[in-house]
Structure formats: C-alpha cells, structure tokens
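Visitor: I am new to this structure and would ask for a close look at a single part of it. Please begin with a pair of charged side chains and proceed from there to the surroundings.

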Amino acid sequence: MASPQAKPVTIVVPDDFPVAYGGLQHRELARLLDYGEVRCHSTRYADRAEFFARIADAQAVINVRAYSKFDREAFEHAPRLGMISILGTGTDNVDLDEARRRGIVVTNTPAINHVAVAELCIGLLFATWRTLPAGDRWLRQGVWKHPPTAHEIRGKTLGLLGLGAIGGETARLGRGIGMNVI
C-alpha cells in the first residue's frame, strides 16, 4: 500500500482491446487501486488523437497491445509519464531511445510466453502440413476421407530465422518430432 505521504499515481491502460484485463475488477488491476487512479480502456481508440487523450495525464501506462505506438509524439502528449509496463515481451512499439532520453522506465515480461508461441508454431505446422482444418471440416460434415496433401512431418526440414527464446524452443520441439532443423 502507498505511504500516506505518497502522491496518488495515475495509471492508464490505453489499449485493452481485444480484452485481456476486462476492467478494474481484474485482480491485477484492482491491486493497483491502492496506489492511485487506474483507468482501463477496453475499446480500441479511433485515432492517435484519442490515444494521446487517454495517456495525457498518465504517470504510468500498462501497454497491452502493440498497436499503441509510444514514439516522440506520444511522449510529448504525456508529459507526466514515467513508466511504461508492457504486458508481453515485445518492445518494438516503444521508441526506447526516446524513452531513455526522457527518463521513462520501460519494462516488459521476458520469457513469459516463448513456450506457448513455439507450441503454437509447431501446432500450425501440423495443421497446415497435415491439412487438419480441412479434415476436421469434412469429418464434421460426416465425410471420411484423407486430405490429398496430408504428409508426414518427420524428416522434413524446419528453417528458423533466429534462435532466441522462441526460435530455440521451436527448434527443440522440431527436433523432438524428428525434423531436420536449420
């Protein structure tokens, strides 16, 4: 809880659409109410002007969606901004040099979803290569037939660009199902 001498902080979620939090009833946001005012916008803003209005008096921003661009122009419209906390790993929507120049702390949640993303990548590989969506559709229509392009994945080559957390995990999973990983 904030000390009695601490000034209340204005915390803004400008871009909770599609909804991740769903408003102040979410336990993570409700915990922040002890520190000041929390505003969670669960609609996509119409334009940059509306985005700027949402962050205008924010001291801290929780950035949910990468469509919110924190560049020099955005920082100029948020003169009290001291922190951007990104719900996710990517910081590509924030001008980190400009944030650093202005003394704005930028945080993210590294390594939070690399396994999930790698699993989804392999799942989509199976769905595409084994023609699973078509097979599912036919079966739901009562038709049993083998898709004409359902090939085995084992022994095929999986090419990856970059072996960071996501690429490394995808490589591990690919090798685990017998793929040649390059």
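**Charged pairs and aromatic rings**

Guide: Arg-54 forms a salt bridge with Glu-50, and their closest N and O atoms are 2.9 Å apart. The term salt bridge denotes a side-chain nitrogen of Lys or Arg within 4 Å of a carboxyl oxygen of Asp or Glu. The model is predicted: local features need pLDDT of at least 70 and side-chain atom pairs count only at pLDDT 80 or more, while totals for chains, interfaces and linings use all residues. Residues are numbered from 1 along each chain as its sequence is written, and side-chain values use heavy atoms, with hydrogens and water left out.

Helices (H or I, at least four residues) and strands (E, at least two) are DSSP runs, numbered from the N terminus. Arg-54 counts as buried because its relative accessibility is 6%, whereas Glu-50, at 30%, counts as partly exposed. Here buried means under 20% relative accessible area, exposed over 50%, and partly exposed in between, with a 1.4 Å probe and protein chains only.

With neighbours within four places in sequence left aside, Phe-70 is in contact (heavy atoms within 4.5 Å) with Pro-14, Phe-51, Ile-55, Val-61, Asn-63, Phe-75, Ile-84, Asn-93, Val-94 and Asp-95.

A pair of aromatic rings is described by the distance of the centres and the angle of the planes. Rings of Phe, Tyr and Trp (its six-membered ring) pair if their centres lie within 6.5 Å; planes under 30 degrees apart count as stacked, over 60 as edge-to-face and the rest as tilted. By this rule there are 4 aromatic pairs. One of them is the edge-to-face pair of Tyr-45 and Tyr-67, with 5.6 Å centre to centre and 65° between the planes. Tyr-45 lies in the loop between strand E2 (36–40) and H2, and Tyr-67 in the loop between strand E3 (60–63) and H3, so this pair ties together parts that are 22 residues apart in sequence. Tyr-45 counts as buried because its relative accessibility is 10%.

Phe-51 and Phe-70 likewise form an edge-to-face pair, at 5.3 Å centre to centre and 75° between the planes. Phe-51 lies in helix H2 and Phe-70 in the loop between E3 and H3, so the two tie together parts 19 residues apart in sequence. Both of these phenylalanines are buried. Tyr-45, Phe-51, Phe-52, Tyr-67 and Phe-70 form one aromatic cluster. Over the ring of Tyr-67 sits the charged end of Arg-44, 3.7 Å from its centre. A charge sits over a ring if NZ of Lys or CZ of Arg is within 6 Å of the ring centre and within 35 degrees of the ring normal.

Charged pairs are found elsewhere too, for a search of the whole structure finds 14 salt bridges. Glu-98 forms one with Arg-72, the closest N and O atoms being 3.1 Å apart. Glu-98 lies in helix H4 (residues 96–102) and Arg-72 in helix H3, so this pair ties together parts that are 26 residues apart in sequence. Glu-98 is buried, with a relative accessible area of 4%, while Arg-72 counts as partly exposed at 47%.

Another bridge joins Asp-136 and Arg-140, whose closest N and O atoms are 2.9 Å apart. These two are 4 residues apart in helix H6 (residues 132–140), about one helical turn. Asp-136 counts as partly exposed at 36% relative accessibility, and Arg-140 is exposed, with a relative accessible area of 69%. Elsewhere, salt bridges that share partners join Arg-72, Glu-76, Glu-98, Arg-101 and Arg-102 into one network.
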